[in-house]
Amino acid sequence: MGFPENFLWGGAMAANQCEGGIFEGGRGLANVDLCPSGSRRQEILRGHGKILQMEPGCHYPSAEAIDFYHHFREDIRLLGEMGFRVFRLSIAWTRIFPKGDEEKPNEEGLRFYDEIFEECKKYGIQPLVTISHFDCPVYLIEKYGGWRDRRMIDFYLCLCRVLFTRYQDKVTLWLTFNEINMILHAPFMGAGLCFREGENEELVKYQAAHHELVASALATKLAHEINPKNQVGCMFAAGSVYPFSCRPEDVWEALLKEQENYFFVDVQSRGYYPAYAKIRLQKRGIFPQMQTGDEEILKKYPVDFISFSYYNSRCVSAGTQEMAEGNLFQSAKNPFVNYSDWGWPIDPLGLRITLNQVYDRYQKPMFIVENGLGAEDIPEADGKIFDDYRIEYLREHIQEMKKAVEEDGVELMGYTSWAPIDLISAGTGEMKKRYGFIYVDKQEDGSGTRKRTRKKSFYWYQKVIETNGEEL
């Protein structure tokens, strides 16, 4: 049976991790530009260090990233050579509206994405566009406090209207917010939140999340009005949560973490705040303020499909256990899985489990829009890169994805690996943590030629796409 003939194979990247050129083309400054590499990065990501301008002595990796801004034609040509059917990318909000609240968009920024979409079309690649991939104009953070302020909804919808109108003949697949649940774990990155002394941080996070949820629903409405062919998805950081043991307390803790993870998608897909969320948030005094009509908006405009990132499963305990790393999530160390060089669990079967859980819960088409292995690739003396460990990781995950489609009947639209070209790590800001099929000659200290080189995995993934997942 295999994958459907129209299955969308490709890869995914984010503007702030690949584009660079942050002072070119009229672009304004965004929150993601101000996340430095090094020891202060986590503090900034979590909203506990208010820095709204670049400080001397800090390294800001997004400033140049891999310079996709100047290399996009070459890069998209390489994606076309691999046979990509879809390319997930994001729009840098501040390329379109440098401050975020202008009446008219920046034409130079719009033309940049016009050219990207035209390059994609040249190679038969369909764009899948994330409207906000951890992206908030700094001006809106300074003036309004980011997504804590309800007026952000209108600024975001202004961006959406411009994008849906300008690119209606070029893009029909859209995601409203990247990993929307990360607002709970990295609130500055996820919503431009800088916490004030003494305020209830959880209340601020859930209020900001409510504004994003309303914005997502209204964006879905707008997308369908402007082009009925548009399909709009939500996107969350997924990964099944296992109880550390069969002790009932561990099982209960795992259930609570699962509900926390699914809460945003429950609202975006089902159209209402689930009972568990209402009761618990109200008891904790952190239920967000709503305006009249919010509940109706959420109900009337759910997303068309569910997309998610999957890097690893998680494991939780009601007691104290040795902890593992994993995409800004806290997780107990699972003794039954292997781990990456960065300490992330490697659990291919967990992807099949996650696919089944998500499909059972929502009964909507799904799209895996991030999945990959971060590793330190060392070129050989002749420049070749043999990344068999990445091939093994992806092969095992695609095999489980295939079983979920063939044997479990899940409805899957496509798969975009993270990331087809080496780029800056969102969590650590590192360049040496590489994900790509294509090596970029840029080192941690900024040295290198920026030359692109095909890795062994490039040719492997090329064959996977060519055979629609039959040859792994």
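How many disulfides does the structure hold? The structure holds 0 disulfides, a disulfide being a pair of cysteine sulfur atoms within 2.5 Å. This is a predicted model, in which local features need pLDDT of at least 70 and side-chain atom pairs count only at pLDDT 80 or more, while totals for chains, interfaces and linings use all residues. Residues are numbered from 1 along each chain as its sequence is written, and side-chain values use heavy atoms, with hydrogens and water left out.

**Overall architecture**

- The protein chain has 15 helices and 16 strands; helices (H or I, at least four residues) and strands (E, at least two) are DSSP runs, numbered from the N terminus.
- The radius of gyration of the protein chain is 21 Å, which agrees with the value near 23 Å that a compact globule of 472 residues would have. This radius is taken over C-alpha atoms, and the globule rule is 2.2 Å times the number of residues to the power 0.38.
- The C-alpha trace spans about 60 × 55 × 50 Å along its principal axes.
- Of the 472 residues in the protein chain, 61% are buried. Buried means under 20% relative accessible area, exposed means over 50%, and partly exposed lies in between (1.4 Å probe, protein chains only).
- Among contacts (heavy atoms within 4.5 Å) between residues at least 6 apart in sequence, 76% join residues at least 24 apart.

**Surface and charge**

- The accessible surface of the protein chain comes to about 18,300 Å², and 49% of this area belongs to carbon and sulfur atoms. Accessible areas come from the Shrake-Rupley method with a 1.4 Å probe; for residues, only the protein chains shown count as cover.
- The protein chain carries 56 positive and 69 negative side chains, and the centres of the two sets lie 3 Å apart. Lys and Arg count as positive and Asp and Glu as negative, whereas His and the chain ends are not counted. The place of a charge is taken as NZ of Lys, CZ of Arg, CG of Asp or CD of Glu.

- Cys 160 is in no disulfide, and the nearest cysteine sulfur, that of Cys 158, is 9.3 Å away. Cys 160 is buried, with a relative accessible area of 0%.
- Cys 194 is likewise in no disulfide; the nearest cysteine sulfur belongs to Cys 136, 9.5 Å away. Cys 194 counts as buried at 8% relative accessibility.

**The loop between H2 and H3**

- Met 54 is placed in the loop between helix H2 (41-45) and helix H3 (68-82), and counts as partly exposed at 28% relative accessibility.
- Not counting residues up to four places away in sequence, Met 54 touches Ile 22, Phe 23, Leu 29, Asp 33, Leu 34 and Tyr 60. Asp 33 is 21 residues from Met 54 along the chain, and their C-alpha atoms are separated by 8.4 Å.
- Ala 65 is also in the loop between H2 and H3. The phi angle of Ala 65 is near 50°, a positive value in a residue other than glycine, and Ala 65 is buried, with a relative accessible area of 0%.

- Glu 400 lies in helix H14 (residues 388-406) and counts as buried at 12% relative accessibility. Leaving aside neighbours within four places in sequence, Glu 400 is in contact with Pro 348, Leu 349 and Arg 352.
- Gly 409 is in the loop between H14 and S14, where Gly 409 is partly exposed, with a relative accessible area of 44%.
- Gly 409 touches Tyr 359 and Ala 404, not counting residues up to four places away in sequence. The C-alpha atoms of Gly 409 and Asn 356 are separated by 8.7 Å, the two residues being 53 apart along the chain.

**The loop between S14 and S15**

- Ala 419 is in the loop between strand S14 (412-418) and strand S15 (438-440). The peptide bond from Trp 418 to Ala 419 is cis, with omega near -20°.
- Ala 426 also has its place in the loop between S14 and S15. Apart from residues up to four places away in sequence, Ala 426 touches Gln 17, Arg 41, Leu 45 and Met 189.
- Ala 426 and Arg 41 are 385 residues apart in sequence and 9.9 Å apart in space, C-alpha to C-alpha.

**The segment after H15**

- Asn 468 is found in the segment after helix H15 (456-466). The phi angle of Asn 468 is near 55°, a positive value in a residue other than glycine.
- Asn 468 is buried, with a relative accessible area of 14%.
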